[in-house]
Amino acid sequence: AEDGYRLWLRYDRITDESVRSGYVDRFATFRMGTGVDSSSATLRAAIDELRTGLAGMLGTNLAPARGAQKSGSGELTFARVPADQIGAEGYRITDTDGGLRLSASDDAGFLYGVFHLLRMVQMGESLEGISIEEQPEKAVRILNHWDNLDGTVERGYAGFSIFNWHTLPEIIDQRYTDYARACASVGINGSVVTNVNANALIFREDYLDKAAALADVFRPYGIKLYLTARFSSPMELGGLDTADPLDPAVMAWWKEKVDEIYTRIPDFGGFVVKANSEGQPGPREYGRSHAEGANMLADALAPHDGIVMWRAFVYNSDPDADRAMQAYEEFVPLDGTFRDNVMVQVKNGPIDFQPREPFSPLFGATPKTPLLLELQITKEYLGQGTHLVGLAPMFTETLEADTYQQGKGTTVASTVRGLAGVANIGTDRNWTGHPFNQADWYAFGRLAWDPAMSAEAIYAEWAALTYDGEPEVAQTIVDMLIESREICVNYMTPLGLAHQMATGHHYGPGPWVSNLGRPEWNPAYYNRADSNGIGFDRTESGSNALAQYAPQVQAMFADPKTCPPKYLLWFHHLPWDWEMQNGEILWDELCRRYQEGVEGTEWLAARWQSLEGKVDPERHQQVTQYLEVQQREAKWWRDASIAYFRSLSGLPLPEGVPEPE
Ligand code: GCW
């Protein structure tokens, strides 16, 4: 049965005999060139993967070469080259007259090269005359698990944590290895295995042994293990009466703790920290800055080459402040004061993982501080585990956005050292709940490796690897994934609206909610709708958040007559009868967008229906059920939103938009 466990690494037998035999001739033997240490754990993992993959797809047994090298013999040679020829983690694959040569300067490069070759065979691509050279664009390509030590996952919709802290370190679940394989196959090279809402317990010796066991599984796959550091750990675990980063006893505690971690995990990656954010402890409690807090940890990690990823997700509870401005206000003044091994981790948008936000103004605004782009792969605000929403178009929208910070062409991608993705992985048999959620894990990895890849190209790979069938099957799946994000934006938060989800769980509509404990958690705080109009004025006449962007960006958004409609209500508060660029009044256009969203979900269902009998029945049935939920909930979103906003606008529904149920 097709339960989705194998993800995109399915390695099923190639049914087209001529295609299969072409590859068989290519992969008779493999040979380790000079300087390649075939006994290294990573090389062994690479060879294992290659043999498993080829045995599955070709039904052959790739054997080590014997005797002298012969050309035209279907030999795959691993060749080590100096780092000035191919940089860290990179590789080259060339056709050498009937044989193949895979060159790299380090073990990870060989591993990634093997996954590339396997992908080509899975996709039926020709190896004839190939000359491929790949180098990761970003050094940090890391998953952030919001997994708690008790097995629950914050904002996780695919079961419980795959990391079983109860049975570690003795029990090594095969899932850990398969997780590492899947990550490595898309170039992910780091994993933070604990939630940013952190638990100091992870630093207790028995838990460090458990973490070390995971690190041992990850290591052969080029994946470093990272942990979250709860800032108050010296108090909770160490019995100190302060966590002040400038207190010598606190500094000594962290230094000792870090040294202890490295005795267990020699290649430990470092810490992620959420400090003074949503109730998490931090340096501000002691009158110290985020930089002073981060630097203290950075100093403890520096002798071991560890890094600190300090999150910029901060905002305070001030009804008069614009939450969208707070991270910038707090972090830009600190530029230049962080240690070299600190990176500031910034969410894609200035608020919080909405279906659509403009890029955060922090990108490019801290030239002396390396940044990481944090994306949410789990769909907290986009229908969670049940809606089909492909996130690659959202990820690329951010990566491609021009900050103009160093002149035209300063894309968000160009301003960051790496990408961090909040994982959507859990104990569900298929890892991610909705079968299509696997595509977002895949897309995150591919984009961290090469942020210039298009969403279409990535999904074309994923669909071809994950589903059998004719090219039309893959094309239909690609179309669905590509269109689905805009469909979701339309039925949830059209025209630049944001944060309209119901209280706490963020599932379903709640645009009327205005009584939550913290003002900036209220949907009504964001839509600012009343009888006169709707939208959040972030221009000069309002919060002026727009001033945090480069002048060219300001010019794009400042005038509601020319502001792209997708950001209109993010930046502007406008009367209900405002005339849009297409001649419609705002109210009519808003209602139509909700309706388009609903129609979009019907389109998705029809596209999927057309694949009945063309994809395996298990996953067809599963996705069909999810699409029914999505269609129903899109209507819920439309009707609830329109009913509420109509109670304020008092205007009639435009043609084609049904009366709310
Ligand atoms: O998106 C919000 C979530 C919180 C999360 C927080 C964060 C881990 O609602 O659950 O906490 O962001 O990013 O820190």
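Glu380 counts as buried in this predicted model, because 21 C-beta neighbours lie inside 10 Å of it, and a residue is classed as buried once 20 or more other C-beta atoms fall within that distance. Its place in the chain is the loop between β13 and α10. Leaving aside its neighbours within four places in sequence, Glu380 is in contact with Arg155, Phe353 and His506.

Glu380 is also one of the positions at which UniProt, in an unreviewed entry, places the feature "active site", together with Glu278 and Asp352. Glu278 sits in the loop between β10 (270-273) and α8 (290-301), and it counts as exposed because it has 12 C-beta neighbours inside 10 Å, where 12 or fewer is the cut-off for that class.

The residues around the ligand are Trp146, Glu154, Arg155, Val196, Asn197, Lys274, Glu278, Phe313, Asp352, Phe353 and Glu380. Divided by class, this shell holds six charged residues, four nonpolar residues and one polar residue. Arg155 and Phe353, which belong to the shell, are likewise among the contacts of Glu380.

The loop that carries Glu380, between β13 and α10, also contains Val389, with β13 spanning 371-376 and α10 spanning 392-400. Val389 counts as buried because it has 26 C-beta neighbours inside 10 Å. Apart from neighbours within four places in sequence, Val389 is in contact with Lys379, Leu382, Gly383, Ser484, Arg485 and Cys488. The C-alpha atoms of Val389 and Gln630 are separated by 9.9 Å, although these residues are 241 residues apart along the chain.

Helix α18 (residues 586-609) and helix α19 (residues 617-649) pack at an angle of about 170°, with their axes 9 Å apart. The two helices are therefore roughly antiparallel. By class, the contact of α18 with α19 has 13 nonpolar, eight polar and three charged residues.

Terms used:
Residues are numbered from 1 along each chain as its sequence is written. This is a predicted model: local features need pLDDT of at least 70, side-chain atom pairs count only at pLDDT 80 or more; totals for chains, interfaces and linings use all residues. Helices (H or I, at least four residues) and strands (E, at least two) are DSSP runs, numbered from the N terminus. Two residues are in contact if their C-beta atoms, placed from the backbone, lie within 7 Å. Axes are lines fitted to C-alpha atoms, for helices over the stretch in contact, and angles run from 0 to 180 degrees between N-to-C directions. Angles under 35 degrees count as roughly parallel, over 145 as roughly antiparallel, 65 to 115 as roughly perpendicular and the rest as oblique. Ala, Val, Leu, Ile, Met, Phe, Trp, Tyr, Cys and Pro count as nonpolar, Asp, Glu, Lys and Arg as charged, and the others, Gly among them, as polar. A residue is near a molecule or strand if its C-beta atom, placed from the backbone, lies within 6 Å of it. UniProt positions are given in the numbering used here, feature names are shortened, and annotations may be inferred rather than shown by experiment.
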